[in-house]
Amino acid sequence: MSLFAFVRELCRDGDVTPDATRTDECRATGAASTSATAISGQAGAKASAENFPVALRFLPRRYRGHLAAVYGFARSADDMGDEAAAGERLDLLDELEADLGRLYRMISWADVPDVPGGEGATGESLGSVDGGIPSGGDPGSRNAGGSYGGYPGAVDADGSPPRLAVVRALAPAVVACAIPALPFHDLIAANRQDQVVSRYPTYRDLLDYCRLSANPVGRIVLHIFGAATPEREALSDQVCTALQLAEHWQDVAEDLRDLAAPGAAPRVRALIAFEERRARELLDAGAPIVGTLRGAARAAVAGYVAGGRAALAAIAASGHDVLRATPRPGTARVAMELVRAYATGR
């Protein structure tokens, strides 16, 4: 969950964590399963200290609240796919997706204005947010007139409001920022895929997985800052994929315990060096997104880029030996990278 670790830093103070992300389910209409309630209730409280120990606490409160709500949802999806009993995982993800459908169906989209360039834009007129709420039909659809069917949990005909606190907590962000449903559905789809796929034979296969597991996060963040355009989304995808890859290479020893050894053999180091360079090139290709933003959006996205660069630098500094210990960047390195990314715009 490295893409949201910096959000976790933002949310340590209780005053910025939305009440609806906590374990109080008594306000829910309808009933959620015990497992879904427990997992989603704990999601917002989980500590995360992976790639982004960057405390961007100076962001305006409204951004912190929206980011906290999105973190709770994404963390819930991850925990349902990783921490729940194996036999429950798909059912829990179906339940989460059904609740997401309830959220998008209960909102009156007539009251949601088009979102212009917003505070995150550099001043150009951007028009309405690309990929925003479809006009007419189901606002949870992939596109106007389309259906988001295919998942048994996506169908809900009772018209009831969301039952899970983490889904209810998304409502202010979805309405205020006109966030489309697709990125949230993709995060759930990534966790479904985790249940049936454990190996990716090609780099392209891995990139396709990152499209579901990482890229939606950046797109949601752009919507939160009112800065979503096709050009920025393309750059954001490169940044987010690079961050996901950096996390994979950091956590080789943790994720593949059968490779655990006192140190990495030369050929393992050579492989990690190759992958580290490839992730760095991807990150550098997407980093110019920073220069298209201003204010809080520029600071936040620069934080993503800085965290990725610092993580990759830590891998390189370890001699690409990711088996001896998990390479983690220090605060000073992250801060230096943050200042550099913000100042240079890339």
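Is Cys210 buried or exposed, and what is its relative accessible area? Here is a short tour that begins with that residue.

1. Cys210 is buried, at a relative accessible area of 0%. Buried here means under 20% relative accessible area, exposed means over 50%, and partly exposed lies in between (1.4 Å probe, protein chains only). This is a predicted model, in which local features need pLDDT of at least 70 and side-chain atom pairs count only at pLDDT 80 or more, while totals for chains, interfaces and linings use all residues. Residues are numbered from 1 along each chain as its sequence is written, and side-chain values use heavy atoms, leaving out hydrogens and water.

2. On to the cysteines. With a disulfide taken as a pair of cysteine sulfur atoms within 2.5 Å, the count is 0. Cys210 is in no disulfide, and its nearest cysteine sulfur, that of Cys240, lies 9.8 Å away. Cys177 is buried too, with a relative accessible area of 4%.

3. Next comes helix α10, residues 230-250. Helices are DSSP runs (H or I, at least four residues), numbered from the N terminus. Of the 21 residues in α10, 15 are buried.

4. Asp237 sits in α10 and counts as buried at 16% relative accessibility. Its side chain makes a polar contact of 2.7 Å with that of Arg219; such a contact is a pair of N or O atoms within 3.5 Å, where, within protein, one must be able to donate a hydrogen and the other to accept it, and residues adjacent in sequence count only if both atoms are side-chain atoms.

5. Finally, look at Ala332 in helix α14, residues 331-344. Ala332 is exposed, with a relative accessible area of 65%.

Conventions. Helices (H or I, at least four residues) and strands (E, at least two) are DSSP runs, numbered from the N terminus.
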